[in-house]
Amino acid sequence: MPPIVAIVGRPNVGKSTLFNRLIGQRRAIVEDFPGVTRDRHYAEVTRFDKPFTLIDTGGFEPVSEDRLLIQMREQSQLAIEEADIILFVMDGREGATASDHEVATMLRRVKKPVFYVVNKIDGDRQEEIIPEFYEMGIDNPLTVSAEHGRGIGELVDAILDLLPESPPVTDAEAETRIAIIGRPNVGKSSLVNRLLGRERMVANPLAGTTRDSVDTPFVYNRHRYVLIDTAGIRRKGKVSQKLEKFSVVQALKAMDRAHVVLALVDASEGVTDQDLTVAGYAYEKGRAVVLIVNKWDLVEKDNATMADYLRDLRSRFKFLGDVPILFVSALTGQRASKIMAEVEKVAEQFNQKISTANLNKVLVDAVEAHPPAIFQGMRMKFFYITQTAVRPPTFIIFVNKAEGVHFSYQRYLNNKIREAFGFAGVPFRVEYRDRERRG
């Protein structure tokens with residue numbers, strides 16, 4: 001998985017501007033489904049020679065003015081615990097504040113690379129304030145203007161110099177990796193124990209490649225699986241009473257290596273924004289998802305309880321489509337035996353390879369039943385479709401003008417593909433390309 005670079009600093013020092021500058025675009029998710037539209041606070045940066053995951057730690061907890069220093073300390077501690085490289089951003093117009101001094105003192109004790117970035121230095125005149133930052137004990141502050149791009153190239157070069165070379169991508173086709181994600185205390189540990197206790201042909205646990213994770217190989221129905229246990233999200237000293245931000249970072253790490261994600265919801269507490277956020281990341285990363293409603297034994301029920309709960313889940317998690325939903329109790333074992341059967345189904349669809357002939361029959365029938373709209377006076381022509389990848393299934397449709405395929409028509413074709421081939425709980429991707437003219 002790519003290394004993590006975390007941005008920390010006070011509010012309004014330009015963290016988000018630097019975030020957008022490094023990823024190369026103004027980033028916010030635009031989806032017409034409730035629960036997905038939100039500010040983005042992480043991004044996979046792949047436009048440089050070495051990939052990395054960039055995280056704006058300020059996005060994981062609302063800023064409260066009366067707890068500013070405490071929250072700065074918490075966010076910096078998050079970077080210390082979870083990141084491989086830390087960017088500590090300060091405001092070159094305001095100068096070094098008492099809060100900056102305290103966090104800098106803490107970061108100097110960290111055995112990880114820390115870049116002290118003085119932002120809002122738009123020209124040589126602003127450089128005059130830099131000696132003030134040297135008084136903090138900083139050897140070599142980097143001056144940038146995230147808004148105008150000044151000094152960003154030097155910062156990127158410094159980051160890339162410390163990143164490892166990307167290892168070759170390997171993907172054992174014979175095994176399926178499962179990540180269990182969810183908020184703290186949602187029952188991840190109990191579910192891990194339940195799964196491994198029931199379907200036991202378990203090798204010794206192997207240390208995972210991510211901190212605080214353990215990979216456990218096991219066999220179910222003569223198929224090999226690896227359980228990526230993110231249940232070890234522990235209280236990090238006295239950092240915070242709320243651990244949601246840690247669960248987000250851990251979930252991102254786990255999902256980088258997983259094929260199937262078990263997204264847990266606490267039935268006794270209901271769906272929270274954090275549940276939607278973490279599930280949204282699984283959706284964006286193109287992972288197969290099974291939604292697990294845990295602690296169902298704690299809910300007072302009548303004949304309509306499950307149906308009402310299911311209706312609400314489908315509405316809140318609409319962006320996940322028709323994913324399998326199971327109501328279980330990891331503690332008592334209620335319905336837990338059904339989980340691996342659902343994992344097996346979605347994993348099979350995640351690896352599904354469809355013949356070009358079958359795909360093109362569906363495409364032709366769909367276009368004939370509902371022809372696309374005219375684009376700039378041009379009749380849209382769909383030549384053929386082919387599958388190029390699995391995990392997730394990926395398709396390319398060749399047309400005469402790719403930009404002329406309206407998003408509503410793309411959704412129509414996606415629905416036709418799903419109707420024909422399933423993909424319940426499994427995302428797939430469709431790319432449109434212009435067919436090259438011959439001669």
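Which side chains meet in a salt bridge at 3.1 Å, N to O? They are those of Asp266 and Lys295, and this pair is one of several described below for what is a predicted model.

- Strand β3, which spans residues 52–56, is mostly covered, since 5 of its 5 residues are buried.
- The side chains of Phe52, Leu54 and Asp56 point one way from β3, whereas Thr53 and Ile55 point the other way, and all of these residues are buried.
- In a regular strand, side chains alternate between the two faces of the sheet.
- Strand β1 (residues 4–9) runs parallel to β3 and is joined to β3 by 4 bridges, with Val5 standing opposite Leu54.
- Strand β2 (residues 42–45) pairs with β3 in the antiparallel sense, also over 4 bridges, and here Ala43 stands opposite Leu54.

**Nonpolar cores**

- The largest nonpolar core contains 55 residues, and Leu313 and Phe317 are those with the most contacts inside this core.
- Helix α8, covering residues 273–284, gives the most to this core, contributing 5 residues.
- Leaving aside residues up to four places away in sequence, Phe317 touches Val265, Val271, Asp275, Leu276, Ala279 and Leu291.
- Apart from this core lies another one of 50 residues, which includes Ile178, Ile339, Ile397 and Ala402.
- In soluble globular proteins, nonpolar side chains tend to be buried together.

- Side chains of opposite charge can pair when their charged atoms come close.
- In the salt bridge between Asp266 and Lys295, the N to O distance is 3.1 Å.
- This pair links distant parts of the chain, 29 residues apart, with Asp266 in strand β11 (residues 260–266) and Lys295 in the loop between β12 (288–294) and α9 (305–316).
- Asp266 counts as buried because its relative accessibility is 1%, a value under the 20% limit for that class, whereas Lys295, with a relative accessible area of 21%, is partly exposed.
- Arg150 and Asp124 also meet through their side chains in a salt bridge, with an N to O distance of 3.2 Å.
- Here too the pair links distant parts of the chain, 26 residues apart, with Arg150 in the loop between β6 (142–143) and α5 (152–162) and Asp124 in the loop between β5 (114–119) and α4 (131–134).
- Arg150 is partly exposed, with a relative accessible area of 26%, while Asp124 is exposed, with a relative accessible area of 62%.

- The side chains of Asp308 and Arg311 meet in a salt bridge at 3.0 Å, N to O.
- Both Asp308 and Arg311 lie in helix α9, 3 residues apart, which is about one turn of the helix.
- Asp308, at 40% relative accessibility, counts as partly exposed, whereas Arg311, at 54% relative accessibility, counts as exposed.

How values were computed:
Residues numbered from 1 in each chain as written. Predicted model: local features only at pLDDT ≥ 70, side-chain atom pairs only at ≥ 80, totals over all residues. Heavy atoms only, no water. Buried < 20%, exposed > 50% of the residue type's maximum accessible area, 1.4 Å probe, protein only. Helix = DSSP H or I, 4+ residues; strand = E, 2+ residues; numbered from the N terminus. Pairing = 2+ DSSP bridges. Core = buried A, V, L, I, M, F, W, Y, C linked by side-chain atoms within 4.5 Å. Contact = heavy atoms within 4.5 Å. Salt bridge = Lys/Arg side-chain N within 4 Å of Asp/Glu carboxyl O.
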